[in-house]
Amino acid sequence: MKKRLEQLKENALLKIKSADNLSALQEVRVAYLGKKGELTALLKGMKDVSPEERPIIGQFVNETREALEDLFETAKAQLRLAELKVQLEEEVIDVSLPAKKQKTGHRHPNTIALEEVERIFIGMGYEIVEGPEVEYDYYNFEALNIPADHPAKDEQDTFYINEKVLLRTQTSPVQVRIMEGAKPPIRILAPGRVFRSDEVDATHSPSFHQIEGLVIDKNITFADLKGTLATFAKELFGADTKVKFRPHHFPFTEPSAEVDVTCFKCGGKGCRFCKNSGWIEILGCGMVHPKVLEMSGIDPEEYSGFAFGVGLERIALLKYEIDDMRLLYENDERFLRQF
Ligand SMILES: [Zn+2]
């Protein structure tokens, strides 16, 4: 029995020495001192030992157990120290390395373009106003002279929350809300996000931005509208920029026009950018329809006004000569960092 114990101790010692990490050492420990370990198995043989010998053997077993425990503890401490040393070497901090650069973002091209447009109109005495993106059908269509069966409603198909509430298709409802609540003179610029159920492509997105302007006062004429937009175009695209008004139709203005500016790339001679026409279309506008004024509680006999609407993305794309609207929304840093 004593011999077997000595043999066991010797074997254990060899295995402890060969264990080169903490988990391997723990396995050796379980194999010898665990409930199903070799030492425990040996103890079960105690019943075969004669009663006289039992105390001596028992003491020897205890000594062996203690000795093994000591060996394990020592080995464990050594392995821990070794692992710590490796860890310290691997995780060394080089204080001479340069610090990590803090990345500071900057304004999106849309925001830069919007601030530029706002600056121009604030300079002309306009007030910037905002309205809800989730809007009543009444403000988005009806109050703008677009009744339920009007074809313009199909063109501006949108996302309905319920029969009466939708995601606005234009920023024009802000104008109605202002006209309802304020007394002329009114001079506002309403920028904001609008929605259409359009498929995404190079020039369309289900969500984009409009900037609308509205002026209502006594004796406002088409000449005021032309002067205002000519000033805007010169400020935005350069002092030599000319504007051209083409007749158009919008339900909420009469007369209505689309506005082109001379190409800022070629000055109107014609180039690839303006598809050789010398002109670039930038916005729609017109004199506010008397019916729209009336519905908002403004007397069309006393007051008149004009309105215009421009796509913010259109301005950003032109300003930075970007040919695909999707780039504005992909959040690709390599693209955005250029502005
Ligand atoms: Zn051109």
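Let's start at Q210, whose side chain reaches the backbone nitrogen of T171 at 3.0 Å. That is a polar contact, meaning a pair of N or O atoms within 3.5 Å; within protein, one must be able to donate a hydrogen and the other to accept it, and residues adjacent in sequence count only if both atoms are side-chain atoms. Keep in mind that this is a predicted model, where local features need pLDDT of at least 70 and side-chain atom pairs count only at pLDDT 80 or more, while totals for chains, interfaces and linings use all residues. Residues are numbered from 1 along each chain as its sequence is written, and side-chain values use heavy atoms, with hydrogens and water left out.

So is Q210 buried or exposed? Q210 is buried, at a relative accessible area of 13%. (Buried means under 20% relative accessible area, exposed over 50%, and partly exposed in between, using a 1.4 Å probe and protein chains only.) If you skip residues up to four places away in sequence, Q210 touches a list of residues including T169, P191, G192, V194 and V310. Touching here is contact, that is, heavy atoms within 4.5 Å.

Now zoom out to the strand. Q210 is found in β5; strands (E, at least two residues) and helices (H or I, at least four residues) are DSSP runs, numbered from the N terminus. Strand β5 is joined to β4 by 10 bridges, and these two run antiparallel. Two strands pair if DSSP finds at least two bridges between them. Strand β4 covers residues 186-195, and eight of its 10 residues are buried, so β4 is largely enclosed by the rest of the structure. Strand β4 also has two bridges to β1 (residues 127-128), and that pair runs parallel. There, E127 has I188 of β4 as its bridge partner.

Next up is helix α5, which spans residues 109-123. This helix has 15 residues and reaches 21 Å from its first C-alpha to its last, close to the 21 Å expected at 1.5 Å a residue. (The expected span is 1.5 Å times one less than the number of residues.) Its buried residues include I112, L114, V117 and F121. Just after α5, G125 takes a positive phi of about 90°.

Time for some charges. Side chains of opposite charge can pair when their charged atoms come close. A salt bridge is a side-chain nitrogen of Lys or Arg within 4 Å of a carboxyl oxygen of Asp or Glu, and the whole structure has 14 of them. One joins R107 and E115, at 2.2 Å from N to O. R107 is partly exposed at 43%, and E115 is partly exposed at 35%.

Another salt bridge links R246 to E281, with the closest N and O atoms 3.8 Å apart. R246 sits in strand β6 and E281 in strand β8, so the pair ties together parts that are 35 residues apart in sequence. Salt bridges that share partners join R246, E258, D260 and E281 into one network.

The domain assignment gives domain 1 (2-90) and domain 2 (109-336), with bounds that come from an automatic or database assignment. How far apart do the C-alpha centres of domain 1 and domain 2 lie? They are 85 Å apart.
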